[in-house]
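Hello,

I am handing over a structure that you have not worked with before. My notes follow below it.

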Amino acid sequence: MTRLPGSRDDAPPWPLLSRRGRGAYLWPMPILIALGVLALVALVFGPQAWVRRAMRRHAVERPDLPGTGGELARHLLDLGGLKDVPVEIAPADHYDPLARVVRLSPDNHDGRSVTAVAVAAHEVSHAFQHADGDRLLMARVRLAHVVRGIEIAAAVVFASAPLIGVLVKSPALFALQLAVGVALLLSRVVVHALTLPVELDASFRRALPILDQGRYLDPADLPAARSVLRAAAYTYVASALVTVLDLTRLVRILRF
Ligand SMILES: [Zn+2]
């Protein structure tokens with residue numbers, strides 16, 4: 001039987017198959033895995049990069065501003081009746097609720113920029129939260145103690161595991177390591193979940209109105225301050241995401 005070229009019988013069945021096959025060819029497994037890893041890295045490190053960028057962008061020296069971050073922090077604390085809370089220079093900006101100290105990085109302590117002023121107002125706001133007995137801040141402080149305890153327990157368990165493993169070959173040891181690891185991770189997640197509302201309150205309910213109503217910044221600088229304050233509030237979220245990597249470290253420890 002002769003077939004005309006182009007008739008149905010003549011057409012090989014591959015076009016239909018190849019539609020599915022083409023997808024598999026364009027997206028082979030290694031590429032999908034690489035994309036997945038890339039997405040994870042972006043998710044974990046992206047926010048931190050965003051925070052740093054927002055801080056850097058507005059860290060330009062502004063001689064027209066009335067003072068440095070450190071000077072503003074001191075001024076605001078005195079004004080708020082917290083003369084006994086010192087302002088110190090430290091590697092990273094934070095408020096230490098245990099020592100009751102506002103700590104600013106050298107750039108923000110001595111810098112005269114929108115970033116320096118906004119970060120100073122943010123950290124001072126934590127001192128005000130503390131003085132007001134902010135419920136979430138206090139819960140976070142208490143929980144931080146618990147996390148420290150779990151961290152010490154985890155360090156002891158993981159450090160002694162190889163030794164104990166030689167003496168007793170027991171799945172109970174593995175279960176203990178796993179339990180400590182999961183407890184550590186969960187407690188950190190809870191601390192970070194409590195932290196975000198505290199951070200948003202410090203940035204937007206306290207620091208921004210202080211900068212605006214106290215006229216410490218020109219209205220034209222407020223959008224920049226707002227972006228720095230947003231970055232300051234999400235610094236913790238960004239670092240919380242990075243601690244996800246602790247999970248991979250944990251897995252590594254458990255396997256070797
Ligand atoms: Zn903060």
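Is Leu-196 buried, exposed or partly exposed, and why? Leu-196 counts as partly exposed because it has 15 C-beta neighbours inside 10 Å. Here buried means 20 or more other C-beta atoms within 10 Å of the residue's own, exposed means 12 or fewer, and partly exposed is in between, with C-beta atoms placed from the backbone.

The model is predicted: local features need pLDDT of at least 70, side-chain atom pairs count only at pLDDT 80 or more, and totals for chains, interfaces and linings use all residues. Residues are numbered from 1 along each chain as its sequence is written.

Leu-196 sits in helix α7, residues 171-213. Helices (H or I, at least four residues) and strands (E, at least two) are DSSP runs, numbered from the N terminus. Leaving out residues up to four places away in sequence, Leu-196 touches Tyr-236 and Val-237; contact means C-beta atoms, placed from the backbone, within 7 Å. Leu-136 is 60 residues from Leu-196 in sequence, and their C-alpha atoms are 9.7 Å apart.

There is also an open sheet of three strands, ordered β1-β3-β2, with mixed pairing. Its edge strands, β1 (87-89) and β2 (94-96), each pair on one side only. Strands pair if DSSP finds at least two bridges between them. β2 and β3 (residues 101-104) run antiparallel and are joined by three bridges; in one of them, Asp-96 has Val-101 of β3 as its partner.

Helix α3 (residues 69-79) lies across β1 and β3, at about 165° to β3. Helix α5 (residues 114-131) lies across β2 and β3, at about 160° to β3. Axes are lines fitted to C-alpha atoms, for helices over the stretch in contact, and angles run from 0 to 180 degrees between N-to-C directions.

Regards

Conventions
Contact = placed C-beta atoms within 7 Å.
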